[in-house]
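Please read the points below with the model open beside you.

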Amino acid sequence: MHTAAMSPTQLAFPDPEDRQDWLNSNAEWLNGTQATQAPYNYKQRKDVGDKHEQRVRKEFERRGWEVNDWGQGLLGPAAIAALRFSPNGMRWTPDFFVARGDATAFVDAKGSMQTVRKLRDSYLVEHSAIDAHIKLFVGMEVSVFYVFDDLKIINAIDAKRYGRLRKGSYRGSGTPCYSIPTQACRSLDDVFGGTAQKRSAA
């Protein structure tokens, strides 16, 4: 008996109700049409994330690092849809692989991930992302660094070491995340060096 091929969303969401919920919540992103969505939905988060990625790229390039695309941005829509709710570690592929001289690192740009507290004293990173990035470090011996809006950074191991596990984020997917104190993070210049202009003046 011939069986029709399943679409990527059918493979990712065998339950029809789960699949329809995902399609409804991402209608604007999938179709490029206006849709009624909750504040700060996936499309809005993606727009913020894309802008932050471009800023992070420029900041590394200004510091003399070669920046290579590495994340889901290299994948087609079907692959992205299939990974959306998959436990596959590829879902958490960092955005960039950077190199300068013999130094290398993975970089994951984390846009708009500060808490809403008055003092904005911590950042949020999903639990699953941190675990996947620690495994990536163990397997490839290349550290994964998170770069936040204010260009403060922390690697995945320290994020887990200093972070406090929370049941869910105030925005985004609502999945468990680590709340990482800003004091545990360092500046981009401290770890990856200042701009070429600053280095030549030093």
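1. Helix α6 (residues 127–140) has 14 residues, which at 1.5 Å a residue should span 20 Å; the C-alpha atoms at its ends are 20 Å apart, so the two values agree. The expected span is 1.5 Å times one less than the number of residues in the helix. Helices (H or I, at least four residues) and strands (E, at least two) are DSSP runs, numbered from the N terminus.

2. A word on the source: this is a predicted model, in which local features need pLDDT of at least 70 and side-chain atom pairs count only at pLDDT 80 or more, while totals for chains, interfaces and linings use all residues. Residues are numbered from 1 along each chain as its sequence is written, and side-chain values use heavy atoms, with hydrogens and water left out.

3. Which residues of α6 are buried? They are A129, I130, A132, H133 and L136, where buried means under 20% relative accessible area, exposed over 50% and partly exposed in between (1.4 Å probe, protein chains only). Viewed down the axis of α6, the buried residues fall within an arc of 165°, so they line one face of the helix. The arc is taken from the directions from the helix axis to the C-beta atoms. An α-helix has 3.6 residues a turn, so residues three or four places apart point the same way.

4. The buried residues of α6 pack against β3 (103–109), β4, β5 (144–147), α7 (156–162) and β8; contact means heavy atoms within 4.5 Å. On the face turned away from the buried side, α6 carries the exposed residues K135, V138 and G139. K135 counts as exposed because its relative accessibility is 64%. After α6 comes E141, which has a positive phi, near 60°.

5. Strand β4 (residues 122–126) has 4 of its 5 residues buried, so it is largely enclosed by the rest of the structure. β4 pairs with strand β8 (residues 177–181) in the antiparallel sense, over 5 bridges; two strands count as paired if DSSP finds at least two bridges between them. In this pairing, Y123 stands opposite I180 of β8.

6. Which residues touch the most other members of the largest nonpolar core? Among its 19 residues, these are V125, Y146, F148, I154 and I180. A nonpolar core is a set of buried Ala, Val, Leu, Ile, Met, Phe, Trp, Tyr and Cys residues joined through side-chain atoms within 4.5 Å. β4, α6, β5, α7 and β8 each supply at least two residues of this core, and the largest share, 4 residues, comes from α6. Apart from this core lies another, of 15 residues, among them V56, F60, V147 and L188.

7. I80 belongs to helix α5 (residues 77–83). Is I80 buried or exposed? With a relative accessibility of 15%, I80 counts as buried. I80 and R91 are 11 residues apart along the chain, and their C-alpha atoms are separated by 8.1 Å.

8. For the protein chain overall, the secondary structure comes to 9 helices and 9 strands. Of its 202 residues, 39% count as buried. Among contacts with a separation of 6 or more, 61% join residues 24 or more positions apart.
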